[in-house]
Amino acid sequence: MTDKEYIEKLENKLMYALSPTTHELSENTKKLFKNVIFENLDEDTYTIRQELKKYWKGLCKR
């Protein structure tokens, strides 16, 4: 496994662990969730999860 594959696997696990939903996510939503996590990387997991929830609620309103 390459470093890139390993990092991608960790990103996916983190994204699903913090995800506010149990739904399967589209590739686009996964990218957007990863961006939210990256933008809040210095925050605690509670804050990151709250940011993901806010983002998810915004998606559901569309």
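## A patch on the surface

Begin by selecting M1, Y6, I7 and L10, which form a nonpolar patch on the surface with about 450 Å² of accessible area together. Accessible areas come from the Shrake-Rupley method with a 1.4 Å probe, and for residues only the protein chains shown count as cover. A patch is made of residues with over 30% relative accessible area and no salt bridge, where like charges are joined within 9 Å and nonpolar side chains (Val, Leu, Ile, Met, Phe, Trp, Tyr) within 5 Å; a salt bridge is a side-chain nitrogen of Lys or Arg within 4 Å of a carboxyl oxygen of Asp or Glu.

This is a predicted model, in which local features need pLDDT of at least 70 and side-chain atom pairs count only at pLDDT 80 or more, while totals for chains, interfaces and linings use all residues. Residues are numbered from 1 along each chain as its sequence is written, and side-chain values use heavy atoms, with hydrogens and water left out.

L10 counts as partly exposed because its relative accessibility is 43%, between the limits for buried (under 20%) and exposed (over 50%).

## The nonpolar core

Next select M15, L18, L25, F33, V36, I37, I48, L52, W56 and L59, the ten residues of the largest nonpolar core, meaning a set of buried Ala, Val, Leu, Ile, Met, Phe, Trp, Tyr and Cys residues joined through side-chain atoms within 4.5 Å. Helix 1, helix 2 (27-39) and helix 3 (45-60) are the elements that give two or more residues to this core, and helix 3 gives the most, with four.

Centre the view on L25, which, leaving aside its neighbours within four places in sequence, is in contact (heavy atoms within 4.5 Å) with M15, Y16, S19, K30, F33 and W56.

## The aromatic rings

Which residues do ring pairs link into a cluster? Show F33, Y55 and W56, for these are the three; rings of Phe, Tyr and Trp (its six-membered ring) pair if their centres lie within 6.5 Å, and planes under 30 degrees apart count as stacked, over 60 as edge-to-face and the rest as tilted. By this rule there are two aromatic pairs. F33 and Y55 form an edge-to-face pair, 6.1 Å centre to centre with 75 degrees between the planes.

Conventions:
Buried means under 20% relative accessible area, exposed over 50%, partly exposed in between (1.4 Å probe, protein chains only).
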